[in-house]
Amino acid sequence: MSTSIYIGNLPFNATAETIQTLFSAYGTVETVNLITDRETGRLRGFGFVEMTNGANEAIAGLNQHELDGRILTVNLAKPRQDRAPRPRRW
């Protein structure tokens with residue numbers, strides 16, 4: 001069973017490879033999902049990592065860790081809430 005971890009305050013130049021390397025020191029990383037803006041394609045400053053083991057160690061070790069001048073926020077991801085559908089604008 002994998003654990004989903006939220007990473008906030010990411011530097012805008014962060015890559016999936018950088019995050020994979022950072023978290024791999026604590027356990028097995030399954031996936032890295034960095035969230036980008038739909039229109040610009042620019043990183044929005046947060047993402048998610050799925051780990052099969054070492055998640056608690058990664059959270060403890062990387063929360064408040066500095067990456068490229070930014071202090072990361074790392075914690076367990078909360079389940080996604082169902083959202084009401086957006087009204088269509090034609």
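Okay, let's start with a pair of strands: β2, residues 29-36, and β3 run antiparallel, and six bridges join them. Before I go on, one caution: what you see is a predicted model.

So, where do those two strands meet? One spot to look at is Val32, which stands opposite Val49 in β3. Then follow the chain around the turn. The hairpin of β2 and β3 has six residues between the strands, and in it Gly41 takes a positive phi near 80°.

Now, β3 has another partner. Which strand is that? It's β1, residues 3-8, joined to β3, residues 43-51, by six bridges, and this pair is antiparallel as well. If you want a contact to click on, take Ser4: its bridge partner in β3 is Glu50.

Let me zoom out for a second. How many helices and strands are there in the protein? Two helices and six strands. Reading from the N terminus, the order of elements is β-α-β-β-α-β-β-β. As for dimensions, the C-alpha atoms fill a box of roughly 50 × 30 × 20 Å along the principal axes. And of the 90 residues, 30% count as buried.

Back to details, and to the backbone. Phi of Asn9 is near 65°, which is a positive value in a residue other than glycine. Where does Asn9 lie? In the loop between β1 and α1, the helix at 16-24. Asn9 counts as partly exposed because its relative accessible area is 30%.

Asp68 also goes on this list: its phi is near 50°, again a positive value in a residue other than glycine. You'll find Asp68 in the loop between β4 (66-67) and β5 (70-71). Is Asp68 buried or exposed? At 54% relative accessibility, and with the cut-off for exposed being over 50%, Asp68 counts as exposed.

Next, the segment after β6, the strand at 73-76; Arg83 has its place there. Arg83 is exposed, since its relative accessible area is 64%. Which residues form a positive surface patch with Arg83? The patch is formed by Arg38, Arg44, Arg80, Arg83, Arg86 and Arg89. So have a look at those arginines when you turn the model around.

Pro79 is found in the segment after β6 too. Pro79 has a relative accessible area of 73%, so it is exposed. How far is Pro79 from Thr15? Their C-alpha atoms are separated by 24 Å, and the two residues are 64 apart along the chain.

Thr31 is found in β2. At 39% relative accessibility, Thr31 counts as partly exposed.

To recap: β3 is joined to β2 by six bridges and to β1 by six bridges.

Definitions and conventions
Residues are numbered from 1 along each chain as its sequence is written. This is a predicted model: local features need pLDDT of at least 70, side-chain atom pairs count only at pLDDT 80 or more; totals for chains, interfaces and linings use all residues. Side-chain values use heavy atoms; hydrogens and water are left out. Patches are made of residues with over 30% relative accessible area and no salt bridge: like charges are joined within 9 Å, nonpolar side chains (Val, Leu, Ile, Met, Phe, Trp, Tyr) within 5 Å. Accessible areas come from the Shrake-Rupley method with a 1.4 Å probe; for residues, only the protein chains shown count as cover. A salt bridge is a side-chain nitrogen of Lys or Arg within 4 Å of a carboxyl oxygen of Asp or Glu. Lys and Arg count as positive and Asp and Glu as negative; His and the chain ends are not counted. The place of a charge is taken as NZ of Lys, CZ of Arg, CG of Asp or CD of Glu. Helices (H or I, at least four residues) and strands (E, at least two) are DSSP runs, numbered from the N terminus. Buried means under 20% relative accessible area, exposed over 50%, partly exposed in between (1.4 Å probe, protein chains only). Two strands pair if DSSP finds at least two bridges between them.
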